[in-house]
Amino acid sequence: MTHPGPATLPLLAHAQPDAVLAWRHDGPVTVERFLGDVRRLASGLPAGGHVLNVCTDRYRFTVGLAASLVRGKISLLPSTHTPETVRQLLAFAPDAFCLTDDPACDIDLPQHYFLEIGDAPPAPEDSAVPMIDVDQTVAYVFTSGSTGAPMPHPKSWGALVRNIAAEADRLGVVGRPFTLIGTVPPQHMYGFESTVLLALLSGGAIWSGRPFYPADIADALNAVPRPRVLVTTPFHLRTLLAADAEVPPADLVVSATAPLSGNLAVAVEAQLQCPLIEIYGCTETGQTATRRTAKTAEWQLMRDLVLSVEDGKVWAQGGHVETPTVLNDIIEPTSGDRFLLHGRSADLVNIAGKRSSLGYLNHQLNAIPGVVDGSFFMPDEEQADGVTRLTAVVVAPGLDRATLLQALRERIDPLFLPRPLIFADALPRNATGKLPRAALEELRRTLGGRE
């Protein structure tokens with residue numbers, strides 16, 4: 001592939017060696033210190049060409065990513081690190097090794113431990129920012145194929161740089177300092193783009209921790225200077241509001257992984273005293289569109305991206321999407337670069353000839369006042385009468401079943417009312433706020449429920 005621009009692009013957008021690139025519990029980390037840490041780690045990495053970077057400290061993950069880039073190694077970013085996933089990764093990349101900052105890491109791969117050097121004096125060559133070939137494969141991100149085996153999607157440096165430039169422009173962080181606080185892991189595509197690459201390629205800084213609970217988020221916001229950007233998920237935002245804790249103001253909130261309701265977006269903006277921007281994307285395309293959810297339901301494509309509809313399928317192309325890619329969502333183009341999102345194609349349900357989507361049903365459920373969290377799903381076993389019976393699990397401490405079902409009747413067709421409706425203390429969400437199907441099935445078996 002030929003490019004009209006330069007054949008290489010810099011690893012960092014920071015102009016000065018004393019610029020702050022990260023904040024840790026012991027204080028700021030400069031670009032000069034970061035580049036020194038990158039070169040020291042890079043010099044000691046094993047020979048394998050593929051790296052499973054599982055460092056939990058976001059700064060260490062970022063150093064590991066940069067060191068891998070400098071050495072020409074490819075980062076592997078699966079959605080989980082289960083033993084079966086690791087076995088499948090090893091079949092895909094037999095030379096893979098694990099970079100970890102956990103002495104008790106039990107991942108069954110050759111391991112390289114991230115050793116902190118401390119405040120070692122920088123070498124003269126540490127001030128030079130590495131240049132990366134635009135065609136270099138930075139990472140493989142994985143989706144589940146029809147067989148359940150992870151399906152690799154390569155991400156080149158040039159495409160990622162264009163993606164992040166479009167994001168930075170849309171978020172309004174170009175040309176001003178900012179610190180990113182992420183509740184999502186850097187190994188997830190969303191966290192990788194919006195808590196690591198966004199800082200590196202837009203001159204910002206990262207917070208090294210990964211706050212999870214409301215008190216952790218408040219502490220992290222207090223630990224870094226303004227302007228500060230909270231990169232999070234609907235799950236974390238609902239939990240933050242439900243805690244009714246005192247949270248310092250942010251300057252921007254970014255949310256992804258599942259659509260937010262307009263009501264929740266309005267409440268978050270009031271609580272954190274700043275705008276909230278949602279990002280829509282997928283593993284195959286990366287970030288595709290954004291919206292200010294408190295103001296509009298419409299999504300706006302990122303620059304240079306276009307959608308086309310062919311044979312009932314919606315394709316994205318242009319910008320950082322180098323080849324036309326089908327989107328596995330129900331999308332309604334509206335005008336120009338705008339569209340409405342109606343849920344995942346795989347989430348479609350058909351009951352007695354009427355169709356809806358789990359995404360739409362979840363949106364309506366979570367928009368009910370008093371619902372802290374909730375999700376519809378289709379149980380595995382088929383009903384004896386052949387009629388589809390949706391199940392919903394909900395966290396709503398102040399509501400009873402009758403009140404909640406009545407509120408749902410006002411929002412959705414009665415055919416899609418859940419049978420059963422199960423009340424729980426919490427939903428089994430993973431680190432990115434998503435609900436694994438197996439965990440929902442186990443919760444249903446454990447808690448039961450009635451119609």
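**Sheet, helices and cores in a predicted model**

Let me begin with strand E25 and strand E26, the latter covering residues 391-395, which pair in the antiparallel sense over five bridges. Please keep in mind throughout that what we are looking at is a predicted model. Within this pairing, Asp373 has Val395 of E26 as its bridge partner. The two strands belong to an open sheet of three, ordered E25-E26-E27, in which the pairing is mixed. At its edges are E25, residues 373-377, and E27, residues 421-423, each of which pairs on one side only. On average, and with direction ignored, neighbouring strands of this sheet are turned by 15° against each other. Helix H10, which runs over residues 401-409, packs on the sheet and touches E25, E26 and E27, and its direction makes about 130° with that of E27.

Staying with H10 for a moment, Arg409 has its place in this helix, and at 43% relative accessibility Arg409 counts as partly exposed, because the range for that class lies between 20% and 50%. To give a sense of distance, Arg409 and Pro94 are 315 residues apart in sequence and, C-alpha to C-alpha, 53 Å apart in space.

Which residues of H11 are buried? In this helix, residues 437-447, they are Leu440, Glu441, Leu443 and Arg444. These four cover an arc of only 160° around the axis, and therefore they sit on the same side of H11. On the other side of H11 we find Ala438, Arg445 and Thr446, which are exposed.

I turn now to the nonpolar cores. The largest one has 56 residues, and of these Phe34, Trp157, Phe192 and Leu197 touch the most other members. Helix H5, residues 189-202, gives the most to this core, with nine residues. If we leave aside residues up to four places away in sequence, Leu197 touches Leu65, Trp157, Leu160, Ile164, Phe192 and Ser202. Apart from this core lies another, of 20 residues, with Ala205, Ile217, Ala220 and Val268 among them.

Thr232 counts as buried because its relative accessibility is 1%, and the cut-off for buried is under 20%. Not counting residues up to four places away in sequence, Thr232 touches Thr183, Tyr190, Leu237, Val253, Val254, Ser255 and Ala256.

Finally, there is a hairpin, formed by E19 and E20 with two residues between them, and in its turn Gly319 has a positive phi of about 60°. Strand E19, residues 313-318, and strand E20, residues 321-327, pair in the antiparallel sense over four bridges, and Trp315 stands opposite Val326 in E20.

Definitions and conventions: Residues numbered from 1 in each chain as written. Predicted model: local features only at pLDDT ≥ 70, side-chain atom pairs only at ≥ 80, totals over all residues. Heavy atoms only, no water. Pairing = 2+ DSSP bridges. Axes fitted to C-alpha atoms, helices over the stretch in contact; angles between N-to-C directions. Contact = heavy atoms within 4.5 Å. Buried < 20%, exposed > 50% of the residue type's maximum accessible area, 1.4 Å probe, protein only. Arc of directions from axis to C-beta. Core = buried A, V, L, I, M, F, W, Y, C linked by side-chain atoms within 4.5 Å.
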